[in-house]
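The sequence and structure are shown first.

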Amino acid sequence: MVALDASRSSLAALEAAADLAVALQAELSGLFVEDENLVRLAGLPLAREFDPISARPRSMSTSELRRHIAAQARRAQQALSERAERHKVTWSFRTVRGHVTRELRAAASAADLLVLGSRGRSPGCAVGSTARALLHELPILLLLAPAAGPRRGAVDVIFDGTEVGERALVLASDLALLRDLPLRVLLVPDGAPERLRDHAEAALGEHGRLAAYEELDPQRLQNTPARLRARGCGLLVASRAALLALGDEAAPWVSDLHCPLLVVD
Amino acid sequence: MPVQPLDARSLWRSCDPEQFDFATTAQLEDIQEVVGQERATDAVRFGMGIRKPGFHIFALGPEEADMQRVVRRFLEERAAGEPVPPDICYVDNFEESHRPTALILPAGKGSELAQDVNRVLEELRAGLEAAFESEEYQARRRGIEEEAGEEHEQALSELSDKAKAQGLALMRTPVGFAFAPVRDGDVLSSEELSQLSEEATEALQARIERLEEELQQVLHQIPRRQREVRDRVRELNREVAEFAVRDLLDELRSKYERFPAVLQHLDRVQRHMVENVRQLVRPEPQVPPEMAALMEGAGRAPDLRRYRVNVLVDHAESATAPVVHEENPTHPNLIGRVEYQPLLGALVTDFTMLKPGALHRANGGYLLLDARQVLLQPFAWEGLKRVLSSGELRTESPRDALGLVSTVSLEPEPVPLNVKVVLLGDRLLYYLLSELEPDVPRLFKVAADFADEMDRTLEGEQLYARLIATLASQDELRPLDRDAVARVIERSARLAGDAEKLSVHTRGVLDLLREADYWAGEEEAATISAGHVQTAIDQWTYRSDRIRERTQEEILRETIYIDTDGSVVGQVNGLSVLTIGGFSFGRPSRITARIQLGSGKVLDIEREVELSGPIHSKGVLILAGFLGGRYARESPLSLAASLVFEQSYSGVEGDSASSTELYALLSAIAEVPLAQGMAVTGSVNQHGAVQPIGGVNEKIEGFFDICAARGLTGEQGVIIPASNVKHLMLEARVRDAVAEGKFHVWPVRTIDEGMEILTGLPMGEADASGTYPEGSVNRLVVDRLAALAEVRREFAGEAGAEGGGGPENNDD
């Protein structure tokens, strides 16, 4: 399931989703949410919008807004069909009306994985409000794609020894195998790093010997995005718990990443 | 004393094979000098040596003299000792792309530079991509972009927070930004809004308006910030590109540090690369991909060709100064050309499509051209003159000069010209050009005049033998034995039409040798013998002989009337020469004269009907001068004579028949018959002296063949001017008949001598009183003229009596 709104960020998400759909031989299902709030705003007598280029005000009308939204939906569907056909994956597309986060959450319950752009459309936030909300509460796998689009590079996974962490580790290993990419395990030790590594190797089985291991300083986790950027990371897999442990730092941390982030629960 | 006929020895000057001390020409070494062309070769040598403007060479002479081979050999010898000229390259002039810059580099350096530049260009893209993909660059660029982005985001974020605190949300609509009143994360519906009190609504409105003003301020900042970002990114790009490009070009700079023009060009390349680095790293075509593919095919994609070096003239492999012979001297082949490529229906070009002309290739050396070819090619002569006058080579197409086609074209920087041009042409062309074309004497100051013949001395024959040997060995022919050499020399004298000269038309000699070699080959002989040479001559004659045979046949069948025995008044056999396709033969013609009463006018029927040329007419007018001078010093000539070439239906030219006409005229006046077994040739002057003519050998042979076919009587022969005796090189059949006394050749100095032979009567000398002796031809002429004058006087008297003193002298 990929959330689409025809923005650059959502197109990047679409690329990442198509990539994964190929690797996992999954169906690509696009969802476009007509934002109820916008429609409502256009219906208000005092509503007017400002052109970002000329900074001039313009009165809003519901019909015009609907036309714009319909055009966005069409563009989103076209982008989806083009990519799906290029990657030869089956696809579907639907449009729903309502509150974006709520509709996505509802729709996601029927999907295995929700992919969306990490950057929002609304101004003022490096990580979109939708992404932020879903990061906290979505019960399924969540892939956040940066605006820059996917890059080919190693699969990195943050492993903290927990059960969810182990799931993240196995998933990352499978993806790396499927796409014939190197796997790097970032160990976040609670105590003895050696034990954590043994744990990871045991969990990975055969594949474990091929992976590279690296230790992260739990106190300096905020530097991780820069490190990943520097050596070319194609995908980062992490448990939700590990991200939420960052607290308020989580949102800027995600925005700093230049690779897609797969959140495992 | 009557003139004695020539003996057979005088009819031919043989070449004695015994004078040669070789058995075959294989024993002779090739000669290096040019035989018999000292004047021309000295002129060529002088012309090559003098390095001043305008001292180009015009080699003039007959085509058969093989001037081209001679001149070319001279030029090559001289060029061998001269330095190799520099290479000529063209590069883009980045400021004005339609004016490519010329780079003149020492021989071999041009192609080297082109290769070095190509290598750098191969590395360039990779080098620039590495620089632009490096972490450092990416980090700095992202830093700049993010800094601006963050500022912007920060401002919007602050505004958003401020709005939130006032129960509003800053929302992004599909085409802009808007503030909306919210409650619990949802925008108020219009029903909810209408439930608000008027004051609350106004307050809300006021809050929104304040925020909107702030939003406007934030939005106004965006373009300025974006511009700043672009400027800073551009500056960063320049810095990175300059570093990468300089690194690559510095290697070339140190290699070519001795050539300031190259360094200057490299600086321009660097500047251009740095300024256009975006296209170099990521060529983003400004056109749709399909169009870009087309443009790629046409070589016009935004690529690296602008930086390449177009080597027009590459002397990397040359060891001497160039000698170029351009056989097809069209304007573009001489001056060079700008080629075009069709691109989407238009013609486009750039400096890489400049192509060299013969002048480029010959620059620093010698250029050999056929003058006639240059004149025949449109614009070629004008182009050549312009280049030679200006001393610089400017490539432009006549199409551009005339403005016939308006498309993008080039004006390449001119190249200094240092070339010696040798034009080859026949003499007439040279004389016409120097008369009518003022630039020829100005630009081609050195005339190398090639001779047709050389003196046939003993040394000359020895030298000629070596020339024959050289031609045979260079053409890989069988060697000639000494008899064959002698025969070739005799033939050469015959070709020169002079027993004392030899033809230096080496091409004609070479053709004879080749044909003789063929006949030797047919007989599987190891050497060429005199017999083979004779076969070659006979076969050549036979192949060319059809028209002569037809003419003779018509005479023998008496379709064309030529008497070869008996005697007739006022009728004589003249001789003319016809040249068709390089083959000359003699042909007898009957010339007759008739006289009547008149006022001294000699009427030339050929002239009246405009069938004669001016020289012929002049000859006839001289006859009247002779008659008047000898016979009418004291009284007017009272006759009118008419002269005609019988059965001549085409034009007559030349004065070689003027003596013949005089004989016919004297015979007609004196009523003395002339022997018809004789033919006459020679021109005459007003004093009756017989002067030499051309083609004497062909003329004698032509009459001999008719007589021989009818049977030689022993009375037959030809009267020729005495001064033509030295030209006699008659064929064996004539010589044999003369030796047996069956045919005669009489050399005469005067009309009187000829008249005595033809009539068998003495001419007679005037005594002191001016009276000629009885029975002499002169006496007969004088008597007849006196009788005519008497008749005329009587006639005039009668007419006067009848007319009562009227204008009886009107026709005088």
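## Strand pairing across the chains

In this predicted model, strand β3 (residues 48-50) of chain A is joined to β5(B) by two bridges, and the two strands run antiparallel. A:Glu49 has B:Ala178 of β5(B) as its bridge partner.

## The contact between chains A and B

The contact draws 30 residues from chain A and 28 residues from chain B. On the side of chain B that touches chain A, at least two residues each come from α4 (135-165), β4 (168-173), β5 (176-183), β6 (186-187), α5 (190-194) and α6 (198-255) of chain B. The largest share of that side is supplied by α6(B), with eight residues. By residue class, the side of chain B that touches chain A comprises 14 nonpolar, nine polar and five charged residues.

## Helix α19 of chain B

Helix α19 of chain B (residues 506-522) has 17 residues, which at 1.5 Å a residue should span 24 Å; the end C-alpha atoms are 24 Å apart, in agreement with this expectation.

The buried residues of α19(B) are B:Thr506, B:Val509, B:Leu510, B:Leu512, B:Leu513, B:Ala516, B:Asp517 and B:Ala520. Because these residues cover an arc of only 160° around the axis, they lie on the same side of α19(B). Among the elements that cover the buried residues of α19(B) are α17 (458-474), α18 (482-496) and α20 (530-544) of chain B.

Just after α19(B), B:Glu524 adopts a positive phi of about 55°.

How values were computed: Residues are numbered from 1 along each chain as its sequence is written. Chains are lettered from A and ligands numbered from 1 in the order in which they are written. This is a predicted model: local features need pLDDT of at least 70, side-chain atom pairs count only at pLDDT 80 or more; totals for chains, interfaces and linings use all residues. Two residues are in contact if their C-beta atoms, placed from the backbone, lie within 7 Å. Helices (H or I, at least four residues) and strands (E, at least two) are DSSP runs, numbered from the N terminus. Ala, Val, Leu, Ile, Met, Phe, Trp, Tyr, Cys and Pro count as nonpolar, Asp, Glu, Lys and Arg as charged, and the others, Gly among them, as polar. Two strands pair if DSSP finds at least two bridges between them. The expected span of a helix is 1.5 Å times one less than its number of residues. A residue is buried if 20 or more other C-beta atoms lie within 10 Å of its own, exposed if 12 or fewer, and partly exposed in between; C-beta atoms are placed from the backbone. The arc is that of the directions from the helix axis to the C-beta atoms.
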